[in-house]
Structure formats: structure tokens, C-alpha cells
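Subject: Structure for you to look at

Hello,

Here is the structure I said I would pass on. My notes on it follow below.

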Amino acid sequence: MTVVTRQEDVARWVADFAHDLFERLDVLAARLADDVSRDAPRRADLRLEQLCRSMLTDPTVPVAGAGAVMAPGVLADAPYWLEWWVVDGASRPTVSKLAAETDTRAIGFRDYTELPWYSRPFESGERHITGPYVDYVCTDQYTLTFTQPVHVAGEFVGIVGADVLVAWFEEHLLEVLDGIEPPCLVVNASGRIVTSSDPAWVTGDLVRGLPLARWLAGDDAPDAPWRATRCDDLPFFAISRR
Amino acid sequence: MVDRSLPLGPYAAVFAPLPAEGRAEAVTRRLGEAIALGLLPDGCMLPHEGDLADRFGVATVTVREALGALREADLIVTRRGRGGGSFVRSPADGGRAAMLARLAHLGLGDLRDLADHYTAISGRCAYLAAERADEDDLTRLHRLAAQRAAPDEPGGIPRLEGNFHLELAAVAQSARLTREEMALQRQAGPLLWLAHAEAGGAAATTAAHERIASAVAGGDPGTARARAEDHVSELFDSVRTLHRHARGSRTRRTP
């Protein structure tokens, strides 16, 4: 018996992958909300390390970095703060804390509140996926960053998130895409290719002229040369030539 | 995005681990050169001693020794107490002396080779950026191209140059080209840009960035590449002019 993979299955796989990851982020978010619920919380009150470590060392979750990024002024002893862990080495993973500069006068300081993985969930109050993009600040790698806002008593206190290297995502997704006809591409809401089973289209390329706004609005756009299946409620589509 | 934060990429390399021998001297040299060339801007606070030691992979006492040497050379000032730390003090000449000293030891052949390398990287980045930029990328690129350095800020022009070219590489969606761009900026960036500024090229640089950005926005890879290559060639023309002066004065000094 042959299992026929369809574009809908690809979209389902991507949506499931993201939802699994966001469910883990829900746990992280609940812990963070708990940690900062007390009066004048400090850095030492954050207890995210074990959760992040288990996520980073779980071989079933291809996560390269995970943690929380605080809204300015939430912590009593640091105006800006990243509580973020990264993993290095695939066979023997080593987890280390990201040494980010949080002194606003220092050379390496970066105002993260302007970056899309922070600003978008802050503005929309919803989950966000940034990328694929070259993360030249941190990993120097081609990355997807999954983030979601955390609120305490209606007040935004920061974001929790996880980095997935595009290469890892691709490696897993290509198995799903294998043998699918016609070839299928996964693109983000800008038309940027995450993964493709068509050798003519590669990761990072932009597919121009896609009716992305119509697709996001739920319109099939039957006049377009591409047929799209949205990955559930995510800003991603599995697409193939009509 | 707050723009002072953008150059963290190349800055990170300033703080990368060091080889074993002569470590205090190596720390002094790397930080001293970065300050002299304007890569670390005036008034910026260096990371704390322990943090620096971690980043360089040396002992805290080694860092302390290096900071002492930098203090004596008047390249940093250290303030104690709350809000204290070591702060960068850019040389009054904006790094000119350090740049000329470095130039005088470069051969014309080395310069030409460096120009070939940087032209290839910049041109290809611009080409790919024109193919691959989305709306958000273009917004960032246009904003960087439109920025002007404050006239009293010694590291201003190199930083804007560095930011623009780094962003161009990132917009090309290539992690490898981005890392290569960072390495080239580390080796040659301040030299190029200060030489160009010396030749009165600050306005030309801004115009060149805007021309590159508009070719990228127009989705015209060939034009974007040609403009980026022309821009890098102009930078190297300035360096060659300055190189003649630097070599000339060195020769005259020798009896």
C-alpha cells in the first residue's frame, strides 16, 4: 500500500509542529507569569532554566534556543533582560545561557523591543513566527523564531520563545515532502520559502506575485497559478502549481 | 530598531576568544585597534572585567592588565562606584593616525586583493538581495541608507557603512555571506570608510547606499550588483590615494 501525501498533509504537519512547540511555550509562559506575579520580581526569581534545558535536550524537538525576554521595567533589578538558553552540538548537546548585553550604555546592547520576534507579539497580543531570517546577532544561522506574549493581570510582561534552525526544520519536513506530486513548497506570509521539494525553488527564495493577502483572508484565489493550503491559523502556506 | 545596537555582529568578533601566547598584549591590541579605528564608539561602556575574561577566554587578571595598558594609552577611562565601568575614549583625530600606520604596512598588491574579495562579496550580496528582499527587508534597508552620521561622532560613518553592508548581506538570506561580510568588516571596514571620509566621500557614500537600496527595491539584481561593486571600488580608490600619502611619509622619514 502506498501512502499518498498531499499538500493538505504538508500543511497539517507544519501546523502540528508549530502547535506542539507553542504548547511547550505555554508551559514556559505560565511559569514566567507565576515568577513575575510577586511584588518587585528580580532576576533570581525566574525559574525557567529546567524547562528550557529539557526542551533543548529533547531529541524529538529541534530547538536551538529557548527562553524568555522581559518587557523593560518588569524586573526590579534589570531594566532589560534576556533569560535565554542555547544548545550547541547535535550528538552531545551542551546547553549554555546566552550572554546578552543588557546594560543600555554598553557596546553590545541591543534594544530588542524593536525586533519583530518581540514587537509583533507585543503589538498583536498573539503568537508570532519570525523568519526564515539570518540571525546575525545571535546564532549567525538561518533561523525561524517562535514567540508568544505573556500577560499578568492584563499587563504585558514579556515574551517566551524558541529558535528553530531552518536546516533542522527542512530536514524533518523533506521526509514529509518526499514524493509529493506536483512538487510542494512551504512559504511564509511574505512568500519566503521555508522548504521546497521542487529543486527549482530553494529555501530563502521569495516567490513573487503570490496572492498572499487574499489567501490570508481565506480566499482560494482560483485565478492564481498556485494553489495554497494554509497551515491552520499560522502565517504559513503549503503551495503547489495548479 | 535602535541603530546603535545594529553593529553587534562585527562587535561580537572584537570580543572573540584569543590564542594562548601574549594574551594581555593581544587583548590590548584587539581592543586598542577597535577603539582607534572607531569600531567601538566614543563613550561606550566596555563589558565588565569578568565578562571580558569569559569572552576572550583569558583570566580576569589578564584583562585587568590589558585595561591598565589601554588606560595608560588614554584609550579608555575607568569610573568607580555605581554606574561605573570602563568607557571608550576615541582618539581626538578620529583614528587617523592608527589608520595611516596600518596602511603604511600594507602592500598595493594586498590592497588590490582585498578590494577584489570585498567587491565579490558586496556585489553578490546586492544581487541576491534584489532577488530575495521582502517588504520588511526593504523598509530596514531604506532606513539604514537614509541615515546620516552626526558630524561630531568619530565612529559614526564606519558604523553606518558597516550596518548597511551587514544588512544587505542578511537581506541576501545567506548566513555564509553574512559571516564573510562580518569578517571583511573586521579586517578592512574602518580602514575603507575612514579613508573614504578623508577623501570627502561621506555624501557620496550616502548617495551610493540609496542607489543600491533602490536597485534592490526595484528587484533588479544586475543593477544592484553593479552599483555595489562601483561603491566598493570607490572606497578602494580613496584607500589607494591615502596609501600613497602614508607610504610617502614613511619613505621620507627613513634616512
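Chain A contains five helices and ten strands. Please keep in mind that this is a predicted model.

Chain A has 242 residues, and 53% of them count as buried. Its exposed surface comes to about 11100 Å², with carbon and sulfur atoms supplying 49% of that area. Among the contacts in chain A with a separation of 6 or more, 51% are between residues 24 or more positions apart.

Next, the nonpolar cores. The largest one has 72 residues, and V10(A), L32(A), V36(A), V63(A) and F146(A) have the most contacts inside it. Helix α1 of chain A, residues 7-35, gives this core its largest share, 13 residues. Another core, of 44 residues, lies apart from it and includes A115(B), I212(B), A215(B) and A228(B).

What does V63(A) touch, leaving aside its neighbours within four places in sequence? Its contacts are L21(A), M55(A), L56(A), V87(A), A162(A), D163(A), V164(A) and W168(A).

The buried residues of α10(B) are T205(B), T206(B), A208(B), H209(B), I212(B), A213(B), A215(B) and V216(B). Two of these, I212(B) and A215(B), are among the residues of the 44-residue core. Just after α10(B), G219(B) has a positive phi of about 65°.

Regards

Terms used:
Residues numbered from 1 in each chain as written. Chains lettered and ligands numbered in written order. Predicted model: local features only at pLDDT ≥ 70, side-chain atom pairs only at ≥ 80, totals over all residues. Heavy atoms only, no water. Helix = DSSP H or I, 4+ residues; strand = E, 2+ residues; numbered from the N terminus. Buried < 20%, exposed > 50% of the residue type's maximum accessible area, 1.4 Å probe, protein only. Contact = heavy atoms within 4.5 Å. Areas by Shrake-Rupley, 256 points an atom, 1.4 Å probe, with all protein chains shown as cover. Core = buried A, V, L, I, M, F, W, Y, C linked by side-chain atoms within 4.5 Å.
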